[in-house]
Amino acid sequence: MADQNNVGKVNSGQGKYRLQIHLMPPAGWMSDPNGLCYFKHHYHVFFQYSQNLETGKPSSWGHYSSPDLLHWQFDGAAICPDMEWDRDGAYSGSAFTADGKMELFYTGNVKEKGEYDYILDGRQANVLYTVSRDGLHFSKKQRLLTNADYPAGYTLHVRDPKVFRKDGGCYMALGGRRTDGRGAAILYESAGRKHWHFCKELTTREPFGYMWECPDLFQLEDVWVLICCPQGLAEEKYRFQNRYQSGYFRCDDFSLRRGDYLCDRESFEELDYGFDFYAPQTFTDPKGRRLLFGWAGIPEEKRYGNGPTIRDGWQHAMTVPRELFWNHGRLCQRPVKELDELRIKRVPYEGNSGMIKAQAFDLLVEFSGIHPREKRGVLLGDDVLFVCENGCAELKFLSDAGCGRTLRSARMRTADPALRSLRVLRDTSLLEIYVNDGELVFTTRWYPKSVQETALSLIGPVSAAEVWEFKGMEVDFGEYGNTITGNRGGAD
Ligand code: FRU
């Protein structure tokens, strides 16, 4: 099996489908980004991590850190499900940094043994807390909230605390499933972050999915945004095509000072229209940017999968870090500027087709003229066709290199719905496609026969095209090799 025994300094790109510019598990399962923060000169990316690479259960928190988003160190597992409050999973959560400390808040999932539905009974959803002074060693866990602390009208599906500071106060958003079949986010408030008081609920007037996972509430340039992952939305022709969705509500008149808030269902926009994207989390960095990592995967999807990497002993990855910004009232995403430093050489490319001999590359295309009805896009190998036409964008697999992935469609957004620019990050077995400067994004896994070279054909009136070969990020697995090493607790 590929890459089972990497110990020491290795480049992340080993084994046929291993990735060059994306974080992935050394072995095993990776899902939700957790505890994203910048602390003591390092970025920290924790993530749902499991030795069970097919189910991801029970989950621990794996840990990567980096001074610059380009050189990464794998730090093993920071939190393991090793006690009565989290024995069935150290579920998702967030980090809060203050006074030289990194505080982690997460859901301790417990399933009682017996005949339960695990919705209304048989489950504990504990909010747990652990703190670190160095970002590596964590204190004994404390339990901050239990089932008894959640408001009336909720099932036992309450989880994924996201803690943030605002106007001198601290708040925690939790995702929840109400007993009346509505998904919602609930907000708690605290002065010292140990004692939390229920403060308000954010939901929609009419149900919008039965459960909202991984809420993230923040202000970007004075506009409040609630990111969440609704489950149970009915599939539409141009929306909600994945098993579960991830997107945001623009909460225009939201205020922390006023009471409950009703999100406008119509304002909900998906953050990514590809096959593989879920549970994104954001944080701010010292450069003042709001950065997002998403899980480049999807839970409980039976229609398509990742057989080729499961056979190699790993499954799933993170998206690259993306910077969020507004453009014409829409939340847009662009890969962080730092990634440009991984471009090692410009690949000669002229005309509309060519062969790119690189495992990971950056393709940037500008189209000329504004003709919304005209077909524009790109064909990658014999496998992946991305086209925009008549105001719609389509990502289509033409072969079985999608392992069951078929078609994803979305409507173009702006008043002028033409494809003006395209950026494709192509990494071995993962594609991120950014349309019109990040106004739409599509993330998908792709398992081409050859990862070393890709035939590229551009479709439409191209005014400029550039291709850059990427070198791999450096990932140091250090002493941990590929094993889950357990909680290095005990300090503090
Ligand atoms: C989202 C999610 C979270 C939960 C975690 C468990 O993918 O279901 O709600 O905390 O995964 O791994």
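A polar contact is a pair of N or O atoms within 3.5 Å. Keep that cut-off at hand for the first exercise; the model you are looking at is predicted.

**Exercise 1. The ligand site**

Find which residues surround the ligand, and then check the distances for Q48, R159 and E213 against the cut-off.

*Solution.*
- Step 1: List the surroundings. Around the ligand you will find D32, Q48, S59, Y91, S92, R159, D160, E213, Y278 and W295.
- Step 2: Take R159. One of its polar side-chain atoms is 2.9 Å from a ligand oxygen atom.
- Step 3: Turn to Q48, where a polar side-chain atom lies 2.7 Å from an oxygen atom of the ligand. For E213, the corresponding distance to a ligand oxygen atom is 2.8 Å.
- Step 4: Look at the cover. On its own the ligand has 320 Å² of accessible area, and the protein covers 87% of this.

**Exercise 2. The nonpolar cores**

Locate the largest nonpolar core and explain why it lies between domain 1 and domain 2.

*Solution.*
- Step 1: Start with the members. This core has 43 residues, and those touching the most other members are L363, F386, L422, V435 and F442.
- Step 2: Ask which element gives the largest share: strand β26 (residues 360-367), with 4 residues.
- Step 3: Compare the domains. Domain 1 (80-333) and domain 2 (345-472) both contribute residues, so the core lies between them.
- Step 4: Zoom in on V435. Beyond its neighbours within four places in sequence, V435 contacts F386, M412, L419, S421, L422, L440 and F442.
- Step 5: Finish with the second, separate core, which has 31 residues, including M30, V320, Y434 and M473.

Technical notes. Residues are numbered from 1 along each chain as its sequence is written. This is a predicted model: local features need pLDDT of at least 70, side-chain atom pairs count only at pLDDT 80 or more; totals for chains, interfaces and linings use all residues. Side-chain values use heavy atoms; hydrogens and water are left out. A nonpolar core is a set of buried Ala, Val, Leu, Ile, Met, Phe, Trp, Tyr and Cys residues joined through side-chain atoms within 4.5 Å. Buried means under 20% relative accessible area, exposed over 50%, partly exposed in between (1.4 Å probe, protein chains only). Helices (H or I, at least four residues) and strands (E, at least two) are DSSP runs, numbered from the N terminus. Domain bounds come from an automatic or database domain assignment. Contact means heavy atoms within 4.5 Å. A residue is near a molecule or strand if one of its heavy atoms lies within 4 Å of it. A polar contact is a pair of N or O atoms within 3.5 Å; within protein, one must be able to donate a hydrogen and the other to accept it, and residues adjacent in sequence count only if both atoms are side-chain atoms. Accessible areas come from the Shrake-Rupley method with a 1.4 Å probe; for residues, only the protein chains shown count as cover.
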